Amino acid sequence: MIALFTVLAISYVLGSVPASLWVGQIFHKMDIRNFGSGNLGTTNAFRNLGWKSGVSVLVLDFMKGFVASYWVAMYAFEIGNGPIAPPGWEADAFLKITCGLFAVVGHMFPIFANFKGGKGAATACGMLYGIEPISIGISSVIFILIVFTSRYVSLASMVASFIYPISLLIMRYGFGYYVDGSIIIFAILIASGIIYKHKSNIRRLIDGTESRISFSGNKEKKEDVENLAEAEA
């Protein structure tokens, strides 16, 4: 149990690194929590720090989830007698899922930012890439295409999340690719959670009031910033 608790704690602390807050403070001398939606997510970074810093935040948030599920999880086997997985779970799958999940929780409730973070989409994407790269790679392509064609990060996050478990099911039952059943169940749960977290964005998309991100490199006008939707990862 010590091995499991250790890697979970490391994953949570890693996920708690507030990339958008620190990038804003270091390179722009501003606290992003005072602008736009106020959340520490990728979308708020794009809107208020510009696309270059937005991309940096996206990569950093993605890597938190990836490092936790791909590397930190495997460190458990080096501690003491190794991890203990619940009955019916493969140890590798259990570790990757739980460590990745703790990184996402850390991003949403960061210890370094008064437990107020982002919505976790980018970190969840990194976590899922560390667990099974093919299906999340498909979702990532879809995410990028939707962002660049519509400039709606919220829409891209929801569609990519919806496609992820479907890709896993097709891989397992359509192409015979081995995917542990626990990963499919978890993918469905996390996709549902991400979509649910965007329920306010869904309403704004339907009403036509959802804000778009800008790739111009300029900050949003003040009057537009005050009405920004919360679509951060």
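H7 gives the largest share of the lining of the largest pocket, seven residues. The model is predicted, so to speak of local features takes pLDDT of at least 70 and of side-chain atom pairs pLDDT 80 or more, while totals for chains, interfaces and linings use all residues. Residues are numbered from 1 along each chain as its sequence is written, and side-chain values use heavy atoms, leaving out hydrogens and water.

**Exercise 1.** Find the volume and the lining classes of the largest pocket.

*Solution.* Start with the term: a pocket is an open set of points on a 1 Å grid over the protein atoms alone, with protein on both sides within 12 Å along at least five of seven lines, and lining residues have an atom within 4 Å of a point. Next, the volume, the space filled by probe spheres set on the points, is about 600 Å³. Of the 30 lining residues, Leu58, Cys125, Ser140, Phe143 and Ile144 lie nearest the centre. Finally, sort by class: 25 are nonpolar, five polar and none charged.

**Exercise 2.** Is Trp22 buried, partly exposed or exposed?

*Solution.* Then take its relative accessibility, 37%. Buried means under 20%, exposed over 50%, and partly exposed in between, with a 1.4 Å probe and protein chains only. Tryptophan 22 therefore counts as partly exposed.

How values were computed
On a 1 Å grid over the protein atoms alone, a cavity is a set of points where a 1.4 Å probe fits but cannot get out, and a pocket is an open set with protein on both sides within 12 Å along at least five of seven lines; lining residues have an atom within 4 Å of a point. Helices (H or I, at least four residues) and strands (E, at least two) are DSSP runs, numbered from the N terminus. Ala, Val, Leu, Ile, Met, Phe, Trp, Tyr, Cys and Pro count as nonpolar, Asp, Glu, Lys and Arg as charged, and the others, Gly among them, as polar.
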